[in-house]
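User: I have a structure open and want a quick walk through it. Can you take my questions as they come?

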Amino acid sequence: MARHYGGNQAAVVIRVVADIMALILGLWILMYVLDANRANDLVSFVRDAANWLAGWSHDLFTMDTDWLRVLLNYGLPAVVYLLIGHALAARVSRL
């Protein structure tokens with residue numbers, strides 16, 4: 001069954017962009033935890049995109065455990081993008 005967003009196209013675009021941003025960040029967390037080959041072009045692209053998206057949260061958490069630091073420093077922006085993006089889309093769809 002297809003998921004139906006409201007009739008407002010701007011709200012749909014905002015939701016999709018927020019979802020893609022969170023997906024990239026989540027994908028980088030997964031690649032890091034699974035120790036993906038950093039020399040691979042796809043992995044490099046995802047890492048660079050995630051670094052750009054999470055630029056405001058770099059070193060916000062400075063844990064000794066690498067995987068936990070990556071999870072927090074990239075997971076927080078993913079959650080923030082989802083919350084703000086979907087809240088903004090809901091607001092726009094009401095207009």
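**Walking through the model**

User: Start with Asp48. Buried, partly exposed or exposed?

Analyst: Asp48 is partly exposed, at 44% relative accessibility. Buried means under 20% relative accessible area, exposed means over 50%, and partly exposed is in between, with a 1.4 Å probe and protein chains only.

User: Before I go on, what kind of model is this, and how are residues numbered?

Analyst: This is a predicted model, where local features need pLDDT of at least 70, side-chain atom pairs count only at pLDDT 80 or more, and totals for chains, interfaces and linings use all residues. Residues are numbered from 1 along each chain as its sequence is written, and side-chain values use heavy atoms, with hydrogens and water left out.

User: Back to Asp48. What does Asp48 form a salt bridge with?

Analyst: With Arg47. The closest N and O atoms are 3.6 Å apart. A salt bridge here is a side-chain nitrogen of Lys or Arg within 4 Å of a carboxyl oxygen of Asp or Glu. Arg47 is partly exposed, at 24% relative accessibility.

User: How many salt bridges does a search of the whole structure find?

Analyst: Two. One of them joins the side chains of Arg69 and Asp66, at 2.9 Å from N to O.

User: How far apart are Arg69 and Asp66 in helix 3?

Analyst: Three residues, so about one helical turn separates Arg69 and Asp66. Arg69 is partly exposed at 25% relative accessibility. Asp66 is partly exposed too, with a relative accessible area of 40%.

User: Zoom out. How many helices and strands does the protein have?

Analyst: Three helices and zero strands. From the N terminus on, the order is α-α-α. Helices (H or I, at least four residues) and strands (E, at least two) are DSSP runs, numbered from the N terminus.

User: What does the C-alpha trace span?

Analyst: About 45 × 25 × 25 Å along its principal axes. Of the 95 residues of the protein, 29% count as buried.

User: Now helix packing. How do helix 1 and helix 3 cross?

Analyst: Helix 1 covers residues 9-33 and helix 3 covers residues 66-93. Their axes come within 8 Å and cross at roughly 170°. Axes are lines fitted to C-alpha atoms, for helices over the stretch in contact, and angles run from 0 to 180 degrees between N-to-C directions.

User: Roughly parallel or roughly antiparallel, then?

Analyst: Helix 1 and helix 3 are roughly antiparallel to each other. The cut-offs: under 35 degrees is roughly parallel, over 145 roughly antiparallel, 65 to 115 roughly perpendicular, and the rest oblique.

User: Which residue classes make up the contact of helix 1 with helix 3?

Analyst: There are 23 nonpolar, four polar and four charged residues. Ala, Val, Leu, Ile, Met, Phe, Trp, Tyr, Cys and Pro count as nonpolar, Asp, Glu, Lys and Arg as charged, and the others, Gly among them, as polar.

User: Different topic. Which residues form the nonpolar patch on the surface?

Analyst: Leu27, Leu30, Val33, Leu34, Trp67 and Leu71. Together they have about 580 Å² of accessible area. The areas come from the Shrake-Rupley method with a 1.4 Å probe, and for residues only the protein chains shown count as cover. Patches use residues with over 30% relative accessible area and no salt bridge; like charges are joined within 9 Å, nonpolar side chains (Val, Leu, Ile, Met, Phe, Trp, Tyr) within 5 Å.

User: Which element gives the largest share?

Analyst: Helix 1, with three residues. Helix 1 and helix 3 are the elements that give two or more residues to the nonpolar patch.

User: And where is Leu34?

Analyst: In the loop between helix 1 and helix 2 (41-53). Leu34 is exposed, at 62% relative accessibility. Its C-alpha is 28 Å from that of Arg15, 19 residues apart along the chain.

User: What about Leu30?

Analyst: Leu30 lies in helix 1. Leu30 is partly exposed, at 47% relative accessibility.

User: Last one, backbone. What is phi of Asp35 near?

Analyst: Near 55°, a positive value in a residue other than glycine. Most residues other than glycine have a negative phi. Asp35 sits in the loop between helix 1 and helix 2 and is exposed, with a relative accessible area of 60%.

User: And phi of Asp59?

Analyst: Near 60°, again positive. Asp59 is in the loop between helix 2 and helix 3. Asp59 is exposed, with a relative accessible area of 55%.
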